[in-house]
Amino acid sequence: MGYDSVRNDDIDTIYARIQKLQYILFVINIGTLLISLANFSICIWIRFDLDFWEWIEEIGWYTYWNCMYVVMIAMLFHAANSLLSAFATFTESRALLLTSMVLRVFIWILTMVGAVVICMYGVEESNMLINELNDVFLALIYKWDTDPRASRVMTMIQEYVGCCGATGNRYDYINAKKSVPDSCRHPVTGNSYTAHCPQQLAWWLEPWTATLAGSSVAFCALDVAVIWISARMRSCIRIIKDN
């Protein structure tokens, strides 16, 4: 059936379909706006969490922050595009809907990249993360006797997350000809911590990583549906305007 031959009853059906699609898109866009802003707030919290901030600055390890910035920027774009899509849906603008759809493709790529990189440097099973942190903690151990800031931050991390040394645990101190510090022992039982600090710090990061990566993947899946719904709505609007 061509656009010029659409009957009146079909027009009514298309109007009803547009209203239904408007409602669905509007609800999705408001939901994604709120969730993206919530994720952005989590990124701000991670960036300015006082304990984590001090550790990062003292040990000079900025990789996790850099990965988080990708997610943060993606969430800002999601929030802005959700507003654009909601406005386009409300005004029934085919041009704005198309603009939002094109932007959503680029945002999808950025969001997926953010999810991948933050998983690469934010989970316990990541060899890349463990190896990088191992080098960081070994450097601090070798400076234990000569740099008070190195010993101070190692003590803070070991006591806070319950760990000892780099991947070699307390043997990293022994191999470096350093005495094993008291912060490597449980304050109540006095037993040495069995977990090393790269592993424990990675485990400590996992809740943040899971939240950001999980929501990013959910956004990517939802974006596919939103693009399809937006395309359907543009087609319906075109039929109405041509008749």
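**A close look at the aromatic rings**

Mentor: In this predicted model, let us begin with V27, which is found in helix α1, covering residues 8–48. V27 is partly exposed, because its relative accessible area is 45%, between the limits of 20% and 50%. Although V27 and A86 are 59 residues apart in sequence, their C-alpha atoms are 8.6 Å apart in space.

We now turn to the rings. A search of the whole structure finds twelve aromatic pairs. One of them joins W45 and W208: the ring centres are 5.7 Å apart and the planes stand at 70°, so the pair is edge-to-face, a term that requires over 60 degrees. This pair links distant parts of the chain, with W45 in helix α1 and W208 in helix α8 (residues 197–242), 163 residues apart. W45 counts as partly exposed, at 49% relative accessibility, whereas W208 is buried, with a relative accessible area of 10%.

W208 also pairs with F52: here the centres are 5.4 Å apart and the planes are at 70°, so this pair too is edge-to-face. F52 belongs to helix α2 (residues 50–59), and 156 residues separate F52 from W208 in helix α8. Both F52 and W208 are buried. Ring pairs link these residues into a cluster, whose members are W45, F52, W55, Y62, Y64, W65, Y160, W204 and W208.

Finally, consider a charged residue and two rings. R47 lies over the face of F48, at 5.0 Å from the ring centre. R47 also lies over the face of W53, at 5.6 Å from the centre of that ring.

Methods: Residues numbered from 1 in each chain as written. Predicted model: local features only at pLDDT ≥ 70, side-chain atom pairs only at ≥ 80, totals over all residues. Heavy atoms only, no water. Helix = DSSP H or I, 4+ residues; strand = E, 2+ residues; numbered from the N terminus. Buried < 20%, exposed > 50% of the residue type's maximum accessible area, 1.4 Å probe, protein only. Phe/Tyr/Trp six-rings, centres within 6.5 Å; stacked < 30°, edge-to-face > 60°. Lys NZ or Arg CZ within 6 Å of the ring centre and 35° of its normal.
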